[in-house]
Amino acid sequence: MNFDELVKHIKNDGCRIHIYRSRMFIGDAVGTFQDAECGPIIFLATKGWSKAKFTRFLLHEYGHYLQWKDKFWHNIWSVCEAEDIWQRWITYKIELTPIEHQAARNSQLWSEWDAEMRGYNQGKALNIYRFNSKVYLKSALSYMASIKWGWENRKSWNISIPIKHIKNPRILTIDELYAPLTTKELAATKFIK
Ligand SMILES: [Zn+2]
């Protein structure tokens, strides 16, 4: 299945997709899923990204749609509005106790990792053209590290951080997902603004 067929597949599955012919939109976002009043919708920016890359972004957002479809999305946000808390916390509109901080961080990691795993499984199941499991996992691990870094440093990140030490990307256990960044990971983390 190629990119256009994937777009068609997701639309047939009940989710609208709006593609921007730009590199980014809404701040630094490349892809986003929204539970809008008029129904679920995915926004995706494609300009300047390789097809393999924006196909990966689309698979991730499709993962969020699948969360929405089976109510995981509603359940997790009813426990903790992590995304909203994150936005208000990094802009210093709210302060968090260590327990609240941990809860919001872990909820965000949980929901993003779950979306990554759904996207990963779809990439394989739908036999996406040139889908590379290793590259997908590497990018997913890098994204999780970015989230951790952001919660650690109270700063937003720019798309992704290259973490060059990932040699054997694999599916994380839940303990590994929630674990703080290791010294080695921090040393290999380089932010480009
Ligand atoms: Zn996401």
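**Entry 1: Gln34**

I began with Gln34, which I located in strand β2, residues 31-36. I took helices (H or I, at least four residues) and strands (E, at least two) as DSSP runs, numbered from the N terminus. I note that this is a predicted model, in which local features need pLDDT of at least 70, side-chain atom pairs count only at pLDDT 80 or more, and totals for chains, interfaces and linings use all residues. Residues are numbered from 1 along each chain as its sequence is written.

Gln34 counts as partly exposed because it has 18 C-beta neighbours inside 10 Å. I also looked up Glu61: it stands 27 residues from Gln34 in sequence, and the two C-alpha atoms are 9.3 Å apart in space.

**Entry 2: The overall plan**

I recorded 8 helices and 3 strands for the protein. Along the sequence, the pattern reads α-β-β-β-α-α-α-α-α-α-α. Of the 193 residues, 28% are buried.

**Entry 3: The nonpolar cores**

In soluble globular proteins, nonpolar side chains tend to be buried together. I therefore looked for nonpolar cores, each a set of buried Ala, Val, Leu, Ile, Met, Phe, Trp, Tyr and Cys residues joined through C-beta atoms within 7 Å. The largest has 15 residues, and those with the most contacts inside it are Ile10, Ile42, Leu44, Leu58, Tyr62 and Tyr65. Two or more residues come from each of α1 (3-12), β3 (39-45) and α2 (51-69). The most come from α2, which gives 6 residues.

I then followed Tyr62, counting two residues as in contact if their C-beta atoms, placed from the backbone, lie within 7 Å. Leaving aside neighbours within four places in sequence, Tyr62 is in contact with Ile10, Gly119 and Gln122.

**Entry 4: Helices α3 and α5**

How do helices α3 and α5 cross? I found that the axes of α3 (residues 72-79) and α5 (residues 98-125) come within 10 Å and cross at roughly 170°. The axes are lines fitted to C-alpha atoms over the stretch in contact, and angles run from 0 to 180 degrees between N-to-C directions. The crossing makes α3 roughly antiparallel to α5, a term for angles over 145 degrees. On the side of α3, the contact is made by Phe72, Ile76 and Val79, and on the side of α5 by Ser107, Trp110, Ser111 and Asp114.

**Entry 5: Helix α4**

I listed the buried residues of α4 (residues 82-90) as Ala82, Ile85, Trp86 and Trp89. They lie on the same side of α4, because they cover an arc of only 100° around the axis; the arc is that of the directions from the helix axis to the C-beta atoms. What covers these buried residues includes α5. Just after α4, Tyr92 takes a positive phi of about 60°.

**Entry 6: Two loop residues**

Asn127 is found in the loop between α5 and α6 (133-153). Although not a glycine, Asn127 has a positive phi of about 55°. Asn127 is exposed, with 8 other C-beta atoms within 10 Å.

Arg154 has its place in the loop between α6 and α7 (174-178). Its phi is near 55°, a positive value in a residue other than glycine. With 13 C-beta neighbours inside 10 Å, Arg154 counts as partly exposed.

Notes: A residue is buried if 20 or more other C-beta atoms lie within 10 Å of its own, exposed if 12 or fewer, and partly exposed in between; C-beta atoms are placed from the backbone. Angles under 35 degrees count as roughly parallel, over 145 as roughly antiparallel, 65 to 115 as roughly perpendicular and the rest as oblique.
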